[in-house]
Amino acid sequence: AVNYTSDPFNDYDGHITIELRGNSSQYNEKKPYRIETVDSLGENNNVSLLGMPAENDWILNAPYSDKSLVRNVLAYDLANALGHYAPRTRFCELFLNDAYQGVYVLIEKIKRDKNRVDLVEMGPGDNSGDALTGGYIFKIDKFTGSGGAGWDSSVEPPQNVSPYFQYEYPDPTDISPSQQNYLEQVMSSFETSLYNGDDAYRDMIDMDSSVDFMLIQEVSRNVDAYRLSTFMHKQRDSAGGRLHMGPVWDFNLAFGNADYMSGFLNTGWAFNEETPFWWESLLEDPIFIEALRCRWEALRSDVFSDPSIRSRLAGYETLLFESQERNFQRWSILGEYVWPNYFVGETHAQEMDYLENWLLSRLDWLDSNIPGRCNIGE
């Protein structure tokens, strides 16, 4: 249903704090924001927004160079359909100080929460035994936001990027030295085992989340894949203790929307573009290859099938039919290059057609190029 500014409040009428967020996106005229719902004293106020589970940290994503307006929503919806937590989203139209700002996407901020990344809560005193082993969230990313506190990878392959890991949870201001050392040792053991071709790495990672993380990044041929906006998390050993890839994050420049680092191609691999060595090494392990191929074949008859993709995109286009017109009246960028567009459509429908055709061609290329055979049942 369409709501109007003259209508009574029907969701949340209360205090927020608001700030600009993002890195390169801050240079766009249409600004992204982070908001926190707070009470009259400025303290956290967990509320449900647009039907999403109650929390206090939210992102107002501002699709601008992504003139389809849907790329982030598409990626998160696909990841959720694969059975993993990815941020929930709601399309909305934003008025800020009574000024119309266009179509935005309200997104859950990635954080530890029973309805988001479901990890046990950690405190600064959790420094020994099982309590020390989780749960953690950390990432490979630009230094905006958390301030960049973290550690360098202990493995430096000659042909690949050596990642820098940043603390996400516990917060860099709260994480204890023992927790820092533990997390660094866990990642060092994982990377060393993988780099040396030692099968022990298989007992350290969650294979399913690694396979699905790779598939989402490759289906979208995300130019930021693996090297930026890459989150990982680890539960306590008593709850499994393995390293999980994800949640996935930030796909504005994915699905053919980048004119650099081959992001416009619907052929080739994203993991070849200045990324950590992990993914090349994983594709040297026959166990991982078989898991990847079997998962791909299952998804191509379901979530990644051509009819499913067409239906999903058609649903977004129908939902945005009226609001996209208002958005592009506010931001007159259709038919104009906005960094880093590869395709420049004259209409929103053309942008959606390009996205659909690019994605279906990408899926077709992956059909022929994901390695291995699925031998289950043979």
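Predicted model: local features only at pLDDT ≥ 70, side-chain atom pairs only at ≥ 80, totals over all residues.
Hi everyone. Let me start with a definition: two strands pair if DSSP finds at least two bridges between them. With that in hand, look at β1 and β2 (residues 33–38), which run antiparallel and are joined by 6 bridges.

β1 and β2 belong to an open sheet of 5 strands, ordered β1-β2-β3-β5-β4, with antiparallel pairing. Which strands stand at the edges? Those are β1 (15–20) and β4 (89–96). Each has a single partner strand, so one side of each is left without a neighbour in the sheet. From one strand to the next, the twist averages 35°. There is a helix here too: α7 (residues 323–330) lies across β4 and β5, and runs at about 120° to β5.

As background, most residues other than glycine have a negative phi, and most peptide bonds are trans. Leu-50, in the loop between β2 and β3 (57–61), has a positive phi of about 50°. Leu-69, in the loop between β3 and α1 (71–81), also has a positive phi, of about 75°. Are they buried or exposed? Leu-69 is buried, with a relative accessible area of 2%.

Next, the cis peptide bonds. One runs from Tyr-169 to Pro-170, with omega near -5°, and Pro-170 sits in the loop between β8 (164–169) and α2 (177–195). Another joins Trp-339 and Pro-340, with omega about 0°. Pro-340 is in the loop between α7 and α8.

That brings us to α8 itself. How do α3 (residues 207–220) and α8 (residues 348–369) pack? Their axes are 9 Å apart and the angle is about 125°, which makes α3 oblique to α8. On the α3 side the contact is made by Glu-218, Val-219 and Ser-220, and on the α8 side by Trp-358, Leu-359, Arg-362, Leu-363 and Leu-366. Sorted by type, the residues of this contact are 5 nonpolar, 1 polar and 2 charged.

Last stop: Leu-119, in the loop between β5 (99–108) and β6 (136–140). Leu-119 counts as buried, because its relative accessible area is 4% and the cut-off is under 20%. What is Leu-119 in contact with, beyond its neighbours within four places in sequence? The list is Arg-112, Gly-135, Tyr-136, Ile-137, His-233, Lys-234 and Gln-235. For scale, the C-alpha atoms of Leu-119 and Glu-346 are separated by 45 Å, and these two residues are 227 residues apart along the chain.

Technical notes. Residues numbered from 1 in each chain as written. Heavy atoms only, no water. Helix = DSSP H or I, 4+ residues; strand = E, 2+ residues; numbered from the N terminus. Buried < 20%, exposed > 50% of the residue type's maximum accessible area, 1.4 Å probe, protein only. Contact = heavy atoms within 4.5 Å. Axes fitted to C-alpha atoms, helices over the stretch in contact; angles between N-to-C directions. Parallel < 35°, antiparallel > 145°, perpendicular 65-115°, else oblique. Nonpolar A, V, L, I, M, F, W, Y, C, P; charged D, E, K, R; others polar.
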